[in-house]
Amino acid sequence: MHVPWVPPCPGFAAHRARNLTQGAGASGRPLGPVRRAQGRTTSAAPVVVLGGGAAGLLAAMTAGRRGRPVILLEKNAVLGKKIRISGGGRCNFTNISENLQKAYHSSLPEGELVEEVQSDGSFFQKAFKRYPPEKFIALVESHGIKYHEKKLGQLFCNKSARQIVDMLQQECLAASVDVYTEAECLSVSAASASGSEAGRFRVVYSKEEETKELHAEAVVVACGGLSYAKTCGATDLAQRLARSFDLKVSGVRPGLVPLRLDPNAWTRSLTGVSLQVAASIGNMSFEEQILFTHQGISGPAVLQASSYWYDHDHPKALRLDLLPYMNEEDVLHWLQRRAESCRNRQSQRRMPASEELARKLPRRFADGFWIHEVSQRLHVSPSAGLEDLEISSLKDLAALLKSWEVSVIGTEGYPKAEVTCGGVSTQELSDETMECKKHPGLYFIGEAVDVTGWLGGYNFQWAWASGFAAGAVC
Ligand SMILES: Cc1cc2nc3c(=O)[nH]c(=O)nc-3n(C[C@H](O)[C@H](O)[C@H](O)COP(=O)(O)OP(=O)(O)OC[C@H]3O[C@@H](n4cnc5c(N)ncnc54)[C@H](O)[C@@H]3O)c2cc1C
């Protein structure tokens, strides 16, 4: 079924004017649409959206615009907590590079993923076709939000991520969505057909220390993943609900996360050193900065690669290409030229080889790398100069500089992970609507689903697109 994208609500301007005169948006409290559930213990609602983050807000406003009565339950006192802190406070809200086609993965075993991609054009493509970045950009522009491209197609707000949250709240208000904040969903179950309330599902939630319930015709689960629980209030509700409805949940683990290195390794002394590399795990490679930290290694290149580092069962090797702008042959020629030059200078001052490496790598890194990696692996003295190396050793050195295997012992976990990889298996959901194949009326969207994007606005783009897919039909 094709449901066209609807431009921003015509009533939006009037609602915005009312909110602004009420001083909404300045306090950090939700804007106008919040309606309290006080005094009401049971009520009927055709659509209940669980979670007022990126995906839930987009789904709620889309369903509301279609005239569906929508209730959105959000555990926190404010909506969109993750949006507020995203992109360093400027929200990298989408990405317009051509990478949209390849920037996502799911946690299915590699063989299955390839098969799935080849057989139906991949799970995420349909959602992106119907809600591409241009649709969200049009929404942003219609609210007068100014933005810029930082790099690699990444779009950021000029001013503040708060503008995106305000925009989504205003759209929900204009679409008459009932938003209950500080309302934590506890469970969802299939309502008995003989019950007095209409609706397929019984939603139990807590608010102001009271347990309440709603009956819903449709439930959209948009509770996100497990990362940043302390700051943003993440819960495992999506996974618990999926399991209670007998749905497969695959490969849940931290993603876009710093990696931990052996605390006794020499790399510990590199804290604060950054360099440009290509970081590879399996056949995925990302050329950007890395940063050595107290715990291990971070920076965009490592965060990207980390989503492909499987947890304890199947950890993979992290390889760093330390000179990504040269091929191995060029590196070898460069080393040979430097060795020759050192040989000609021999009578004056002998230079340790690390000083030669420091021409292309940060000094602190070059020193440690030479002493702890090169001299040990190549069995040469730490004080040797390049001119002391045979051609075979120069070849080995070139190979090591192009592919240094770093021993990773784990990740820094959910508190530092920008996303949760894995989630409700894409095999359980319709790629048109995000509705469960086994349970009509039950939808999973956003980070709750086993779809993870690269760093750079891709995860929000998935939240918007999957939210739209569900909101357009639920
Ligand atoms: C620090 C940080 C920076 C990021 N920056 C970017 C960026 O710039 N660009 C980008 O594309 N991605 C970014 N991300 C990732 C992005 O924020 C997420 O992928 C995206 O927010 C997922 O949207 P979602 O709606 O699925 O989940 P969330 O945004 O996590 O929303 C889930 C909501 O559900 C609520 N909830 C949970 N359990 C319950 C319950 N039981 N009852 C009621 N409500 C509940 C939560 O409180 C939350 O509000 C960043 C993530 C982090 C942590």
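**Overall content and confidence**

The chain has 474 residues, of which 49% are buried, and its secondary structure comes to 15 helices and 21 strands. The mean pLDDT of the chain is 86, with 85% of the residues at 70 or more. Over residues 1-43, however, the pLDDT is below 50, although the model gives this stretch 62 contacts beyond near neighbours in sequence. A further stretch, residues 110-121, also stays under 50 in pLDDT, and here the model has seven contacts beyond four places in sequence. Where pLDDT is low, the predicted coordinates should not be read in detail.

**The seven-stranded sheet**

An open sheet of seven strands is arranged in the order β17-β16-β13-β14-β15-β12-β18, and its pairing is antiparallel. The edges are taken by β17 (404-406) and β18 (408-411); each has a single partner strand, so one side of each is left without a neighbour in the sheet. From one strand to the next, the twist averages 40°.

Within this sheet, strand β13 (residues 274-281) pairs with strand β14 (residues 284-292) in the antiparallel sense over eight bridges, and one of the positions involved is Leu275, whose bridge partner in β14 is Ile290. β13 and β14 form a hairpin with two residues between them, and Gly282 in the turn has a positive phi of about 60°. β13 is also joined to β16 by four bridges, the two strands running antiparallel, with Ala279 standing opposite Leu320 in β16.

**Other strand pairings**

Strand β9 (residues 201-207) pairs in the antiparallel sense with strand β8 (residues 183-190) over seven bridges, and β9 pairs in the antiparallel sense with strand β10 (residues 210-221), likewise over seven bridges. Ser189 has Arg202 in β9 as its bridge partner, while Val203 stands opposite Leu214 in β10. In the hairpin of β9 and β10, which has two residues between the strands, Glu208 takes a positive phi near 50°.

An open sheet of three strands has the order β3-β6-β5, with antiparallel pairing. Its edge strands are β3 (92-95) and β5 (147-149), each of which pairs on one side only. Neighbouring strands of this sheet are turned by 25° against each other on average, direction ignored. Three bridges join β3 to strand β6 (residues 154-157), and these two strands run antiparallel; in β6, Gln154 is the bridge partner of Asn95. Helix α6 (residues 133-142) lies across β3 and β5, and runs at about 140° to β3.

The table gathers the pairings described above.

| Strand pair | Sense | Bridges |
|---|---|---|
| β8 and β9 | antiparallel | seven bridges |
| β9 and β10 | antiparallel | seven bridges |
| β13 and β14 | antiparallel | eight bridges |
| β13 and β16 | antiparallel | four bridges |
| β3 and β6 | antiparallel | three bridges |

**The shell around the ligand**

The ligand is surrounded by 40 residues, the closest being Gly51, Gly53, Ser86, Gly224 and Gly446. Two or more residues of the shell are given by each of α2 (54-65), α3 (81-85), β8 and α15 (458-471), and the largest share, four residues, comes from α15. By class, the shell has 18 nonpolar, 15 polar and seven charged residues.

**Gly368 in helix α13**

Gly368 is found in helix α13 (residues 363-378). This residue counts as buried because it has 20 C-beta neighbours inside 10 Å, and 20 is the number at which a residue is classed as buried. Leaving aside neighbours within four places in sequence, Gly368 is in contact with Trp266, Ser269 and Leu270. The C-alpha atom of Gly368 is separated by 10.0 Å from that of Pro382, which lies 14 residues apart from Gly368 along the chain.

Methods. Residues numbered from 1 in each chain as written. Predicted model: local features only at pLDDT ≥ 70, side-chain atom pairs only at ≥ 80, totals over all residues. Buried ≥ 20, exposed ≤ 12 C-beta atoms within 10 Å, placed from the backbone. Contact = placed C-beta atoms within 7 Å. Pairing = 2+ DSSP bridges. pLDDT = per-residue confidence, 0-100. Near = placed C-beta within 6 Å. Nonpolar A, V, L, I, M, F, W, Y, C, P; charged D, E, K, R; others polar. Axes fitted to C-alpha atoms, helices over the stretch in contact; angles between N-to-C directions.
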